[in-house]
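Please keep the sequence and the structure in view while reading.

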Amino acid sequence: MLCFNHPTQIKFWVAWIRRSYSSNIKSMERSVFKNILPSFTDENTEKDKAIVAAARESGHVIHDMTTGVQQAALNFSAVMLWHLIEQQMLLFYMDTLLTPEEVCGIRTDPTIHKKLYRLAEFHERLEMEKCSMKGLPSWPMVEELRLVANAVKHGPGESMDALLKIRKDMLRPYPVTTHEVIDGPYMGYGFMPASGTGVYVRGDDLAVYFKSAASLWSEFATAL
């Protein structure tokens, strides 16, 4: 009993996506840019000038720590956004693409949960219904966001390798400067993106990711 076979249910989900999913993303965006990121220090303030001066006398430890926390906040804002999108996809999947028996199995049987409760299965079911997300204009940037989130959480691995191919500028052992170039593969061992080193998400990157996430759902609703 898939919602794609029932026009009334399709209309319900189109309205829900446009109202709820887009609202969730925009609310998170406001919180990140108006509350979370501004709560960290800015070197232009008098307080921060004092911190920088004190840090210089102690080997830059204080300043480096402050900068690391700021970068970690940027990095984890990307992680947070990706997991919101992921959970939105899985909710839609559970409510529209699975049978009641499959939903029950996911909730009660660990084996079925492991097999079915996956984004790969979600996308496969969408493609069976001839309504893939992967062909939508905003998909490439959302896929980049997924790679960033995994690289921040897990460090070196498949996602970091894939990210290196498309966003070499984001992966550095130290903060990005205009003249830095990675010669050969960057594996990231010895650096901790969760602490603000090794992966450098910028505010501009986040703004693009939020816009792309909202656009993806808008495009998908139109496709439905």
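## Cysteines

Cys104 is partly exposed, with a relative accessible area of 44%, whereas Cys131 counts as buried at 9% relative accessibility. In these terms, buried means under 20% relative accessible area, exposed means over 50%, and partly exposed lies in between (1.4 Å probe, protein chains only). The structure holds zero disulfides, a disulfide being a pair of cysteine sulfur atoms within 2.5 Å.

## Basis of the description

This is a predicted model, in which local features need pLDDT of at least 70 and side-chain atom pairs count only at pLDDT 80 or more, while totals for chains, interfaces and linings use all residues. Residues are numbered from 1 along each chain as its sequence is written, and side-chain values use heavy atoms, with hydrogens and water left out.

## Aromatic residues

The structure holds 10 aromatic pairs. Rings of Phe, Tyr and Trp (its six-membered ring) pair if their centres lie within 6.5 Å; planes under 30 degrees apart count as stacked, over 60 as edge-to-face and the rest as tilted. The pair formed by Phe12 and Trp13 is edge-to-face because the ring planes stand at 85°, with the centres 5.7 Å apart. Phe12 counts as partly exposed at 45% relative accessibility, but Trp13 is buried at 7%.

Phe92 and Phe220 also form an edge-to-face pair, with 5.4 Å from centre to centre and 80° between the planes. Phe92 lies in helix 3 and Phe220 in helix 9 (residues 203-223), so this pair ties together parts that are 128 residues apart in sequence. Helices (H or I, at least four residues) and strands (E, at least two) are DSSP runs, numbered from the N terminus. Both Phe92 and Phe220 are buried. One aromatic cluster is formed by Phe12, Trp13, Trp16, Tyr21, Phe92, Tyr93, Phe122, Trp217 and Phe220.

## Ser77 in helix 3

Ser77 is placed in helix 3, which covers residues 61-96. Is Ser77 buried or exposed? Ser77 is buried, with a relative accessible area of 2%. Its side chain reaches the backbone oxygen of Ala73 at 2.7 Å.

Leaving aside neighbours within four places in sequence, Ser77 is in contact (heavy atoms within 4.5 Å) with Val32, Leu37 and Leu206.

## Helix 6 and the residue after it

Helix 6 spans residues 119-128, and its buried residues include Leu119, Glu121, Phe122, His123, Arg125 and Leu126. Phe122 also belongs to the aromatic cluster described above. Just after helix 6, Lys130 takes a positive phi of about 60°.

## Glu144 and Leu145 in helix 7

Glu144 is found in helix 7, residues 139-154, and Leu145 has its place in helix 7 as well. Glu144 counts as buried at 8% relative accessibility, and Leu145 counts as buried at 1%.

Which residues does Glu144 touch, not counting residues up to four places away in sequence? Glu144 touches Leu163, Ile166, Arg167, Met170 and Tyr209. With residues up to four places away in sequence again not counted, Leu145 touches Ala78, Leu81, Trp82, Ile85 and Tyr209. The C-alpha atoms of Leu145 and Ser212 are separated by 9.5 Å, and these two residues are 67 residues apart along the chain.

Note on methods
A polar contact is a pair of N or O atoms within 3.5 Å; within protein, one must be able to donate a hydrogen and the other to accept it, and residues adjacent in sequence count only if both atoms are side-chain atoms.
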